[in-house]
Amino acid sequence: MPRLLAVVILLALLIGPAPLRAQAAPAQLRAFWVDAFHDGIKTPAQTRQLIADVRRAGANALFVQVRRRADSYFRDTFEPVASDVAPGYDPLADLIAQARAQDIQVHAWVVTFPAWRDGYAQPDRNHVWYQHGPNQAGWDNWFTRDIDGRAGECAAPGDCGYFLDPGHPAVADYTIKALMHLVRRYDIDGLHLDYVRYPSARYGYNPVSLERFRRATGRSDTPAPDDTQWMQWRRDQVTKLVKRLYLEINAVKPQVTLSVAAIAWGAAPPNGDWSRSSPFVRTLQDWRGWLEAGYIDFAIPMVYNREDGGQQQSWYDGWVDYVRHNQGRRAAGIGIGAWLNTADQNLAQIRRGADAGIGVVLYSYALPVAGDRGAFLDRLRREVWNDNAPAPRFAWKTQPNAGHLLGQVLLDGAPADGLTLRLSDGARDSYTTTDATGSFGMVDLPPGSYRLSLRNPFSASDWNTDVTISAGRVTTLTIPLAQRDAAAEFTPAAPDSAFGALWNRTDQPVAQGRVTRSWMWGPQPFATGSERYAEAPGGRRLVQYWDKSRMEITNPGGNRNDLWFVTNGLLTKELISGRVQVGNAGFVERAPANVPVAGDPDDPNGPTYASFAAHASLNGDRRATPAVGATIAQTIRRDGTLGFDQALLRYGVQNVEYNRELGHNIPNVFRDYFGTLPLDWVFVLGYPITEPFWANVKVGGQVKDVLIQVYERRVLTYTPANPAQYRVEMGNVGQHYWRWRYGSTPWQR
């Protein structure tokens with residue numbers, strides 16, 4: 001045996017068998033939330049210290065707050081940079097560079113809807129608070145209100161936070177724009193949404209949002225905070241934004257995750273019933289639904305409870321168990337309120353929570369323990385984060401086997417809100433609806449060929465196109481629908497008995513002389529037929545025109561005993577706006593009606609519907625200041641200009657109520673008239689959309705002083721010169737509307 005070979009064998013016998021290479025630890029999220037209210041990344045020194053502390057603790061990811069109140073802790077932004085960032089410093093860019101070198105994930109934590117707080121320091125006048133705060137009128141006011149009209153969520157006077165309203169179309173577009181700018185410009189691992197919810201179920205009453213709800217549901221009331229339909233509508237607004245954001249991210253950077261800091265207040269859902277959970281009921285945040293639908297990549301429920309051996313510890317364990325069994329088609333971890341507990345208590349919660357899902361996130365980096373901070377970081381690495389486990393990567397991101405669809409529907413260039421789309425592969429149909437921006441999307445579609453269809457609200461015919469879905473990609477498309485004059489089509493038809501039943505209930509006593517008041521509808525109808533309406537069966541709904549209004553049956557399969565089976569058209573809004581509604585989201589553009597609102601049809605000087613275009617609340621805007629007790633002497637002229645005539649004070653007409661739904665005062669003569677109506681006044685009239693104005697109106701060939709107030713469905717007039725029982729009357733809105741829409745007066749048919 002050669003001497004060299006003998007030496008090699010001897011060494012092998014002395015050393016023994018070579019050990020197997022150690023396998024990498026399974027991936028597990030081990031992270032801190034780094035808030036912007038304390039030191040974190042505001043200076044280069046803070047960022048260096050953060051990275052050193054993360055390595056010291058054995059963490060592998062950071063959720064760093066880079067948007068706190070519609071401002072930025074990064075420089076490449078169109079929102080103002082936060083006022084406490086070191087001059088010229090880009091905190092996020094520096095953090096990403098340092099974290100990459102240490103294999104630490106960076107998730108950009110953004111506060112979604114809160115945009116201001118009392119005492120907040122942001123002098124940049126381009127901030128959304130200054131441009132679209134609660135003091136702005138109409139469409140320009142983007143902030144939410146509670147049921148009582150208050151804009152702030154207040155812990156005490158002068159300590160209020162202000163949320164953007166998820167139901168306002170401009171809020172959705174602005175939020176997506178701001179967050180996608182961040183995703184495009186920075187090499188983040190994930191976008192992490194916080195406060196993607198309402199402050200509480202009492203909020204959501206921004207006038208524009210409320211008007212969208214009414215338009216979508218056909219209701220005209222102001223729903224209570226716990227109204228089931230209203231609660232779900234608001235949940236849907238948040239969900240649609242989250243889904244659209246998920247698709248937008250996947251379209252440009254499919255490797256970037258979307259996650260949510262999710263509400264987990266109090267006890268876990270009783271008996272697993274999500275519909276009774278705190279996030280679903282109290283903040284209208286359906287994060288479990290997002291996991292099930294695949295609209296986010298993971299959720300981190302904030303299970304901030306003390307390890308107290310009692311109720312809060314039971315709450316913690318209940319949520320841990322719920323997360324373990326409710327991750328849907330995505331993933332979830334546990335957020336721990338580490339500042340509440342001692343080191344031993346935190347370590348106990350980490351051990352119980354880590355294996356319930358993908359891992360844990362501690363709140364917060366600044367205050368990670370009730371005790372010695374440095375010692376706790378050392379114990380984290382020594383006792384629970386000691387195996388260098390990597391942060392999770394997800395198979396649906398790294399090895400996708402499904403694709404997505406993202407599109408937008410435009411009606412004559414304007415976003416189409418609330419349209420239903422059907423996607424079919426020949427064997428199965430899926431449905432979705434457009435949001436306020438006209439956007440729609442579907443997630444996790446098997447690759448293949450599909451047919452996409454929707455009902456064109458202009459023509460009431462089906463529109464179709466073929467789309468191809470590919471794994472790991474987002475198929476995008478825009479659907480522009482051109483207008484045709486569907487508003488000119490009227491097909492005579494036999495009346496429904498429900499029309500006559502409603503007239504018998506309301507106007508037959510007038511016809512028989514049993515009551516002395518003006519007509520609610522008129523002595524007889526002058527036209528019955530069908531008109532275009534996209535959501536009605538066959539794209540047409542049955543209508544009947546009367547002098548005072550129009551009766552409508554949009555859903556002939558509904559409950560015939562319900563008051564709203566026959567609805568009362570929003571004709572005045574169409575006459576003033578110049579937009580004929582032919583579907584929930586379909587409008588034919590005309591000019592505002594130059595038809596006198598009151599008096600003789602040939603009056604050359606009295607105000608027309610067009611006169612009110614600059615003063616009417618058509619989109620929850622143009623709210624008036626409460627003026628209860630004021631005597632009315634304000635005037636309106638045919639050209640829409642307003643004036644004041646002190647001589648009108650002699651009539652003694654005073655405002656006696658301020659209607660908060662749309663923000664207008666109601667005078668005593670109309671408030672008293674409500675009590676004479678045979679049905680609820682809101683059903684008959686809708687809410688007031690203008691203030692009461694005096695005008696000189698030609699009535700029976702003579703010019704008289706007439707008080708006019710426009711409501712959503714009718715016009716009320718008060719003529720002091722009339723006999724007492726006929727001083728308050730409803731305008732002939734049905735006649736006026738027919739004349740405007742069809743180009744003839746009813747008696748010329």
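I began with a word I needed at once: a residue is buried if its relative accessible area is under 20%. I also reminded myself that this is a predicted model.

**Entry 1: strand β8**

I went to β8, residues 257-262, and asked how many of its residues are buried. I found that six of its six residues are, and the strand is mostly covered.

I then sorted them by side, since in a regular strand the side chains alternate between the two faces of the sheet. On one side of β8 I have T257, S259 and A261, and on the other L258, V260 and A262. These are all buried, so both faces of the strand are covered.

Next I looked up the partners. β7 (residues 190-194) runs parallel to β8, and four bridges join the two. Here I noted H192 opposite S259. β9 (residues 298-303) also pairs with β8 in the parallel sense, again over four bridges. In that pairing V260 has A299 of β9 as its bridge partner.

**Entry 2: a glutamate in α7**

I picked out E248, which lies in helix α7 (residues 228-252). Is this glutamate buried or exposed? Its relative accessibility is 18%, so E248 counts as buried. I listed what it touches, leaving aside neighbours within four places in sequence: E248 is in contact with I176, M180, R184 and L406.

**Entry 3: α10 against α11**

Two packed helices are described by the angle between their axes and the distance between the axes. For α10 (residues 311-325) and α11 (residues 343-354) I read an angle of about 25° and axes 10 Å apart. Angles under 35 degrees count as roughly parallel, and α10 and α11 are therefore roughly parallel to each other. The crossing of α10 past α11 is right-handed.

Which residues meet here? From α10 I wrote down Q313, Y316, D317, V320 and R324, and from α11 Q349, I350, R352 and G353. The residues of this contact divide into three nonpolar, three polar and three charged.

**Entry 4: the four-stranded sheet**

I traced an open sheet of four strands in the order β16-β15-β18-β19, with antiparallel pairing. Which strands stand at the edges? They are β16 (429-433) and β19 (462-469); each has a single partner strand, so one side of each is left without a neighbour in the sheet. Neighbouring strands in this sheet are turned by 25° against each other on average, direction ignored.

Inside the sheet I checked β15 (residues 420-424) with β18 (residues 448-455): they run antiparallel, joined by four bridges. L423 stands opposite L452 of β18.

**Entry 5**

I then followed another open sheet, of five strands in the order β21-β22-β23-β24-β25, with antiparallel pairing. Its edges are β21 (490-492) and β25 (567-568), and each of these has a single partner strand, so one side of each lacks a neighbour in the sheet.

β23 (residues 540-545) and β24 (residues 550-553) run antiparallel and are joined by four bridges. I noted Y545 opposite R550 in β24. Helix α14 (residues 497-506) packs on the sheet and touches β23 and β24, its direction making about 135° with that of β24. I also found helix α19 (residues 733-742) lying across β21, β22 (527-532), β23 and β24, at about 130° to β23.

**Entry 6: backbone exceptions**

Most residues other than glycine have a negative phi, and most peptide bonds are trans. I went looking for exceptions and kept three of them.

- The peptide bond from Y363 to S364 is cis, with omega near 5°. I placed S364 in the loop between β12 (359-363) and α12 (373-384).
- Y195 is not a glycine, yet has a positive phi of about 50°. I found Y195 in the loop between β7 and α6 (207-217), and it is partly exposed, with a relative accessible area of 31%.
- D444 is not a glycine either, and has a positive phi of about 60°. D444 lies in strand β17 (residues 439-445) and is partly exposed, with a relative accessible area of 21%.

Terms used. Residues numbered from 1 in each chain as written. Predicted model: local features only at pLDDT ≥ 70, side-chain atom pairs only at ≥ 80, totals over all residues. Heavy atoms only, no water. Axes fitted to C-alpha atoms, helices over the stretch in contact; angles between N-to-C directions. Parallel < 35°, antiparallel > 145°, perpendicular 65-115°, else oblique. Left-handed = near helix turned anticlockwise from the far one by under 90°. Contact = heavy atoms within 4.5 Å. Nonpolar A, V, L, I, M, F, W, Y, C, P; charged D, E, K, R; others polar. Pairing = 2+ DSSP bridges. Buried < 20%, exposed > 50% of the residue type's maximum accessible area, 1.4 Å probe, protein only.
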